[in-house]
Amino acid sequence: PRSNGRGTRRTTRMLFRATSKLRRSRKPTQNISKTRFYAAETKNHVKLTLATPAYSLYFEEPVKAVFLPGLMGDFEVGPGRVATMTELRPGAVVVEKLNGASETFYISAGMAHTDCVEDDATCAINVTECFEESALDIEEAKRKVEEYAAKMKEGTDEEKVVNQATHETLNEIVRAYEYRQKK
């Protein structure tokens, strides 16, 4: 049997009334500005997690600040900062500890997520590869840059893409290292 349209209108009216009652009965949603706190109300540290797929270098360890190589430029993460999610480019990650000492790590690429909710500031950094500055053999890295530059012109299309990505990553790490040495 074919509907004359009245049943559909009646059902629509009933649904509208039910959802209207539901909306009126609900409590107003909490204002997000009441749950986020910034500089004045946060602790003097950031809980840092720095991880690769294979291992974790830091896991919710309190640090003073973290300097990251963002895709749009380098930036600092510290207590009381605005929440951020960004892609990281190859380069140097500098971790400033609470005692004033700093550690430098070189990454290939990854993602960073920072948040400041109530009195906890957190920074989670997930990268594909990460190694300490002391483990970097800059001369070997420079040789590999040249090697992969030559390899980009040979092989299958897939091999060329892999070689180009490896060349660009190593080149960025060498540039970041040289820049840090000039400071």
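**Exercise 1. Classify the residues that line the largest cavity of this predicted model.**

Step 1. By class, five residues of the lining are nonpolar, three are polar and two are charged.

Step 2. The names behind these classes are Val46, Val77, Gly78, Arg81, Val82, Thr114, Asp115, Cys116, Ala121 and Thr122. Gly is counted as polar, and Cys as nonpolar.

Step 3. Two elements, β8 (110-117) and β9 (120-127), each give two or more residues to this lining. The most comes from β8, with three residues.

Step 4. The space in the largest cavity is about 40 Å³. The structure holds one cavity of 30 Å³ or more.

**Exercise 2. Determine how helix α2 is oriented relative to helix α3, and list the residues in contact.**

Step 1. Helix α2 covers residues 138-151 and helix α3 covers residues 157-182. Their axes come within 9 Å and cross at roughly 150°.

Step 2. Angles over 145 degrees count as roughly antiparallel, so α2 is roughly antiparallel to α3.

Step 3. The handedness of the α2 and α3 crossing is left-handed.

Step 4. On the α2 side, the contact is made by Ile138, Ala141, Lys142, Lys144, Val145, Tyr148, Ala149 and Lys151. On the α3 side, the contributors are Asn163, Thr166, His167, Leu170, Asn171, Val174, Tyr177 and Glu178.

Step 5. Sorted by class, this contact has eight nonpolar, four polar and four charged residues.

**Exercise 3. Describe the largest pocket by volume, lining and contributing elements.**

Step 1. About 350 Å³ of space lies in the largest pocket.

Step 2. Its lining has 16 residues. Nearest the centre of the pocket lie Asp74, Arg89, Ala92, Tyr179 and Arg180.

Step 3. The elements giving two or more residues to the lining are β3 (65-70), β4 (73-77), β6 (91-96) and α3. Helix α3 gives the most, with five residues.

Step 4. The lining of the largest pocket divides into nine nonpolar, one polar and six charged residues.

**Exercise 4. Which element gives the most to the lining of the second largest pocket, and which residues of that lining also belong to the contact of α2 with α3?**

Step 1. The volume of the second largest pocket is about 170 Å³.

Step 2. The residues that line the second largest pocket are Ser108, Glu129, Phe131, Leu136, Ala141, Thr166, Thr169, Leu170 and Ile173.

Step 3. Helix α3 gives the most to this lining, with four residues.

Step 4. By class, the lining of the second largest pocket has five nonpolar residues, three polar and one charged.

Notes: Residues numbered from 1 in each chain as written. Predicted model: local features only at pLDDT ≥ 70, side-chain atom pairs only at ≥ 80, totals over all residues. Heavy atoms only, no water. 1 Å grid on protein atoms, 1.4 Å probe; cavity = no way out; pocket = protein on both sides within 12 Å on 5 of 7 lines; lining within 4 Å. Points joined across faces, edges and corners; volume = space filled by probe spheres on them. Axes fitted to C-alpha atoms, helices over the stretch in contact; angles between N-to-C directions. Parallel < 35°, antiparallel > 145°, perpendicular 65-115°, else oblique. Left-handed = near helix turned anticlockwise from the far one by under 90°. Contact = heavy atoms within 4.5 Å.
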